[in-house]
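Open the model in your viewer and keep the selection panel at hand. The tour goes helix by helix, then into the core.

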Amino acid sequence: ELKEKMISLGEKPFKGKQLYQWLHQKAAGSYEEMTNLSEGLRKKLTEQEPLTHLEVVEVQTSKIDGTQKYLFQLADGNVIESVWMQYKHGNSVCISSQVGCRMGCRFCASTIGGLTRNLLPSEMLDQVYRIQELTGERVSNVVVMGTGEPLDNYDNLIRFIRILSDEKGQNISQRNLTVSTCGLVPRIRQLAEEDLTITLALSLHAPNDEKRKELMPIAYKYSLSEVLPACKYYFEKTGRRLTFEYSLVGGKNDSQEDARQLAGLVHGLNCHINLIPVNPIKERDFEQSTQNNVAAFKHILERQHIQVTVRREMGRDIQAACGQLRKSYKERSGDE
Ligand code: SAH
């Protein structure tokens, strides 16, 4: 596409390759930096194809674990958030896929104001590029678990994944990329056909449809008898072990009976369950499970030989849960 663009501007096609290198390998922040493109060409590009460049509005750094939360402003004034986390195995970035979200999960701060718009592939990429620039460190893992439902922005998501993992770009391995979904069944099946090796994470959060409906409106549209076979299909097509996210909400989905039902539900699936103590948000009165309940829940799954981990909470002191920073920023600036 860039080669064609160059031809249309009366340039040699190989200029497209140089432009691609600037954009995705060197992650340039402006056309000005692209010194092997002529001044005339840079001027034309600046006028015709404004370069996506996210501006940092706010950075919060956790005193507990060094997790950093970035609030970025887009060209149209909307703000989005991304999180940078350091682990022993490398640096990880959690990106947003939409401005807001229309999925309505009850415990999630990102969805309270609804969906404003989809993010462009460049706006997803630039979250990773700018964080690498600002931290001076290479990002090895990317999780699409920030604000938004990535499979509700499907085409842009696929383009983002292909460019991010392109060996001529940042070359971040698809195996180190995770996409988290609340469970859009037709899209999960479509994703299975894309010939990608990314990890699929499903936000499960309940052991049956009845309880799932209380937490996630999407459960009214797709029952677990449709969602789980779609996940199984994803595994069969890609060979990638599934991740199930299960946010533990005190008194809602964290009983020992819930754990036993959950074990039965995922029986026979090649999966890993990630238990997430729910991060309470002020707009809802959900409570975290007690440590005892979390331990008992985990133990029941382990006894059934299900791989399970409790997600380490990071950045608790900096509102690092989905959508909290963006929401508080908008409230402070009188936007909502
Ligand atoms: N829309 C996608 C990805 C964004 S949310 C999805 O639903 O998977 C990423 C994960 O964080 C999801 O599992 C979501 O349910 C969970 N989550 C959102 N708010 C949370 C909160 N306050 N506490 C715990 N988990 C939360």
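Contact here means heavy atoms within 4.5 Å of each other. Keep that cut-off in mind when packing comes up. This is a predicted model.

Start with α5. Select its buried residues: Y154, L157, I158, F160, I161, I163 and L164. Now show what they pack against. You will find α2, α4, β7 (141–144), β8 (177–181) and α6 (185–192).

Next, go to α2, residues 14–25. This helix has 12 residues. From first C-alpha to last it reaches 16 Å, close to the 16 Å expected at 1.5 Å a residue. Select K15, G16, Q18, L19, Y20, W22, L23 and H24, the buried residues of α2. Their packing partners are α1 (2–8), α3 (39–48), α4 (121–135) and α5 (154–164). Step just past the end of α2 and click A27, which takes a positive phi of about 50°.

Now the core. Nonpolar side chains tend to be buried together in soluble globular proteins. The largest nonpolar core in this model has 78 residues. Which of them touch the most other members? Select V142, F160, L164, L191, F244, I273 and L301. The element that gives the most to this core is α5, with 7 residues. Apart from this core lies another, of 11 residues, including L9, Y31, M34 and L45.

Finish on F244. Leave aside its neighbours within four places in sequence, and show the rest of its contacts: L202, L204, L228, C231, V266, L269, C271, H272, I273 and N274.

Key
Residues numbered from 1 in each chain as written. Predicted model: local features only at pLDDT ≥ 70, side-chain atom pairs only at ≥ 80, totals over all residues. Heavy atoms only, no water. Helix = DSSP H or I, 4+ residues; strand = E, 2+ residues; numbered from the N terminus. Expected span 1.5 Å × (residues − 1). Buried < 20%, exposed > 50% of the residue type's maximum accessible area, 1.4 Å probe, protein only. Core = buried A, V, L, I, M, F, W, Y, C linked by side-chain atoms within 4.5 Å.
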